[in-house]
Amino acid sequence: STEYDAAGNPLPGKKTYDMDGNEIEPEEEELVTESETTLTEVDYGLLMLFVGQFLLIGSFDDTGVPQAFFYATMGGCAEQMTSLPCVYWFVMII
């Protein structure tokens with residue numbers, strides 16, 4: 001950001017020096033796009049956690065264990081879930 005004096009003229013930039021007294025040249029400002037700003041705000045660790053969770057759950061579902069557990073706990077109600085006793089049994093299990 002450029003500072004201005006009372007007459008509206010730009011003031012020279014502040015100079016910075018290193019420990020030996022040498023002037024440090026300011027780096028050129030880079031234009032940053034909105035997508036670059038957004039990508040810096042992404043929590044990639046959390047994103048990888050969710051990717052891993054979906055892979056794990058999908059793999060576990062492919063084993064058939066959840067379906068076998070459902071049929072084992074629901075018994076005869078597994079085929080006809082709309083009957084009233086089966087709905088109550090399902091709600092009680094969950």
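What percentage of the 94 residues of the protein count as buried? The share is 4%, where buried means under 20% relative accessible area, exposed over 50%, and partly exposed in between (1.4 Å probe, protein chains only). The model is predicted: local features need pLDDT of at least 70, side-chain atom pairs count only at pLDDT 80 or more, and totals for chains, interfaces and linings use all residues. Residues are numbered from 1 along each chain as its sequence is written, and side-chain values use heavy atoms, with hydrogens and water left out.

**View 1. Overall fold of the predicted protein, with 4 helices and 2 strands.** Along the sequence the elements follow the pattern β-β-α-α-α-α. Helices (H or I, at least four residues) and strands (E, at least two) are DSSP runs, numbered from the N terminus. The C-alpha trace spans about 90 × 35 × 20 Å along the principal axes. The radius of gyration of the protein is 32 Å, while a compact globule of 94 residues would have one near 12 Å. That radius is taken over C-alpha atoms, and the globule rule is 2.2 Å times the number of residues to the power 0.38.

**View 2. The disulfide between Cys77 and Cys86.** The S to S distance is 2.1 Å; a disulfide is a pair of cysteine sulfur atoms within 2.5 Å. By this rule the count comes to 1 disulfide. The link of Cys77 and Cys86 is left-handed, with -75° about the S-S bond. Both Cys77 and Cys86 are buried. Cys77 sits in the loop between helix 3 and helix 4, and its relative accessible area is 16%. From Cys77 to Phe90 the C-alpha to C-alpha distance is 8.6 Å, at a separation of 13 residues in sequence.

**View 3. The aromatic cluster of Phe70, Tyr71 and Phe90.** Rings of Phe, Tyr and Trp (its six-membered ring) pair if their centres lie within 6.5 Å; planes under 30 degrees apart count as stacked, over 60 as edge-to-face and the rest as tilted. By this rule there are 2 aromatic pairs. In the pair of Phe70 and Tyr71 the ring centres are 5.9 Å apart and the planes stand at 75°, so the pair is edge-to-face. Phe70 is partly exposed at 27% relative accessibility, and Tyr71 is partly exposed at 45%. For Phe70 and Phe90 the ring centres are 6.4 Å apart with planes at 75°, so this pair is edge-to-face. Phe70 lies in helix 3 (residues 65–74) and Phe90 in helix 4 (residues 84–93), so the pair ties together parts that are 20 residues apart in sequence. Phe90 is partly exposed, with a relative accessible area of 30%.

**View 4. A nonpolar surface patch formed by Leu39, Val42, Tyr44, Leu47, Met48, Val51 and Leu55.** Together these residues have about 670 Å² of accessible area, computed by the Shrake-Rupley method with a 1.4 Å probe; for residues, only the protein chains shown count as cover. Patches are made of residues with over 30% relative accessible area and no salt bridge; like charges are joined within 9 Å and nonpolar side chains (Val, Leu, Ile, Met, Phe, Trp, Tyr) within 5 Å. A salt bridge is a side-chain nitrogen of Lys or Arg within 4 Å of a carboxyl oxygen of Asp or Glu. Helix 2 (residues 44–62) gives the most to the nonpolar patch, with 5 residues. Leu47 is found in helix 2 and is partly exposed at 45% relative accessibility.
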